[in-house]
Amino acid sequence: MRAPRPTGPRRRRRLHPLAVTGLVVLVTAAITFYAFDRRLPFSRSYTLYAMVSNSVNVRGGDPVRIAGIDVGQVDGVTASGDASRIRFSLDRSALRVHRDATIRIRDRLFLEGSYYLQLDPGTPAAPAMPDGATIPESRTSSPVQFYQVLSTFTRPVRDSLAGLVEALDQGLGPAGAGSGQASGAGAFKQAAPQLPPLLSDTAVVAQALQGTAPGDVGRLLRSSASVSGTLAQSSAQLAGLVRGLGETASALSSSDGALAQTVSGLDQTIQAAPPALSAVDRSLPAVIGLARPLAPSLRVAPPIIDRLTATASQLAAVLAPGQRQALVQSLRATFEQLPAILTQFSRAFPIGKQITDCLQSHLLPIFNETVPDGSLSTGLPVWQDFVHFLPGVAGASGSFDANGPYPRVVLGAGSDSLSGSFAGQQLLSTPPPGGSSLQGARPQWVGDLTPNDFHPEAQCASQPLPSLASDAAPPDLTPAGGSRP
């Protein structure tokens with residue numbers, strides 16, 4: 001018979017000893033792998049290679065960084081001819097690396113001894129690099145070693161540095177047996193209180209040098225690199241420039257009193273510069289407002305200036321020494337006759353003004369009026385009736401001088417006939433058959449002028465304007481075969 005199970009709390013189930021042994025082995029293997037590989041086991045990463053001309057002291061375990069963030073590590077470095085092949089692995093969380101990626105070996109310490117790989121993943125437009133790809137040597141660079149910097153200090157350079165130190169000693173030391181207060185170091189000590197505002201302005205300038213848009217600093221550095229490269233290619237000219245600066249410094253040191261006055265003047269100029277620059281800044285909007293309207297004129301100005309230049313050239317040719325005497329003689333004759341001409345004009349202008357005023361106040365209004373002629377009125381102004389009248393006069397001239405195409409027959413007429421003379425010719429008129437008796441001239445006569453109507457002492461413009469619509473009697477006509485009515 002089995003003993004009854006205990007009725008107390010239920011005991012927990014223990015792990016099997018083999019399971020505990022396997023777990024301990026796995027944890028030990030993972031710790032050992034991480035200790036040697038610095039990566040978590042079973043973590044996904046991909047490997048790339050970089051060919052460099054000088055791997056300096058890059059070793060396995062050195063970090064690989066993108067924009068200062070660790071994204072991988074160096075696995076090893078192997079020699080490949082005159083170059084070195086660096087194998088490094090990246091985490092899958094890193095940015096995608098493209099085929100135009102670049103590698104730079106950078107110092108981790110100021111005095112060298114430790115390095116890291118700075119990876120630029122490239123542009124998104126380029127295709128991605130597959131696992132195991134190699135970045136060629138043309139897209140990798142190594143840091144400048146300290147011994148390479150020291151190798152530039154050749155004997156002439158060391159002599160120049162010694163001369164520089166000696167010049168600084170003479171410039172900063174007291175002159176003769178003077179005190180330290182009169183030395184250059186004393187002057188620097190006196191200038192120390194002015195350094196904080198200067199450094200503050202320098203900080204503002206340095207902040208402005210960072211640019212206002214992404215890539216401004218890069219463009220500045222590239223431009224500086226171009227300038228440095230140009231200077232490096234012109235070492236002889238650069239040496240001559242340095243020698244010239246040395247001679248200039250020597251000349252300035254020989255006349256330090258004048259230099260001190262110049263510096264004092266510059267200090268006063270700099271103190272007066274901020275208000276002047278502020279005034280210039282305030283005037284810039286007005287200048288811009290003036291420049292905008294002037295811009296169209298400036299665009300069309302070159303042809304005008306060209307024509308003015310040609311005119312000036314012709315004027316210069318006229319004023320040449322060979323032509324100057326003839327020009328002066330002709331101008332002399334002109335200016336001698338000009339006063340007499342102006343005197344005659346002064347006499348003629350008052351008379352001409354009276355004539356023009358009369359034409360404007362009397363003749364032109366009458367020309368623009370309409371002649372009232374009853375049913376025969378044309379409705380046109382006088383000047384048009386006059387123009388139309390001239391062809392009729394020209395055509396009728398042949399009948400008045402007996403050279404017309406029609407024969408002339410003299411017949412007797414009744415009591416309603418009317419005779420008269422015109423331009424020395426005898427005229428005869430009768431009313432049409434069945435018509436009314438003669439009514440006189442049409443258009444109606446406005447009346448004869450008498451001597452009292454003429455006033456030579458008065459100006460024409462002040463005379464009253466005559467009206468064409470007059471009730472005056474018709475002209476005096478004599479009936480044919482009878483007496484005047």
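## A walk from the strands to a bent helix

Let's start at Val56, which sits in the loop between strand E1 (45-52) and strand E2 (63-66); helices (H or I, at least four residues) and strands (E, at least two) here are DSSP runs, numbered from the N terminus. Bear in mind that this is a predicted model, where local features need pLDDT of at least 70, side-chain atom pairs count only at pLDDT 80 or more, and totals for chains, interfaces and linings use all residues. Residues are numbered from 1 along each chain as its sequence is written, and side-chain values use heavy atoms, with hydrogens and water left out.

Back to Val56: its phi is positive, about 45°, although it is not a glycine. Most residues other than glycine have a negative phi. Val56 is partly exposed, with a relative accessible area of 23%; buried means under 20%, exposed over 50%, and partly exposed in between (1.4 Å probe, protein chains only). Ala67, in the loop between E2 and strand E3 (69-80), also isn't a glycine and has a positive phi of about 55°. Ala67 is exposed, at 76% relative accessible area.

The Ser89 side chain makes a polar contact of 3.3 Å with that of Asp75. For such a contact, a pair of N or O atoms must lie within 3.5 Å; within protein, one must be able to donate a hydrogen and the other to accept it, and residues adjacent in sequence count only if both atoms are side-chain atoms.

Next up is strand E5 (residues 102-107), which pairs antiparallel with strand E6 (residues 115-120) over 6 bridges; pairing needs at least two bridges found by DSSP. Within that pairing, Ile105 has Leu117 of E6 as its bridge partner. E5 also runs parallel to strand E8 (residues 140-141), joined by 2 bridges, and here Arg104 stands opposite Ser141.

In the loop between E6 and strand E7 (134-135) you'll find Thr123, partly exposed at 40% relative accessibility. The C-alpha atoms of Thr123 and Val97 are separated by 8.7 Å, with the two residues 26 apart along the chain.

Finally, look at helix H9 (residues 321-368): for its 48 residues, the end C-alpha atoms are only 60 Å apart, short of the 70 Å a straight helix would reach at 1.5 Å a residue. That expected span is 1.5 Å times one less than the number of residues. H9 bends by about 35° at Leu359, the bend being the angle between axes fitted to the seven residues ending there and the seven starting there.
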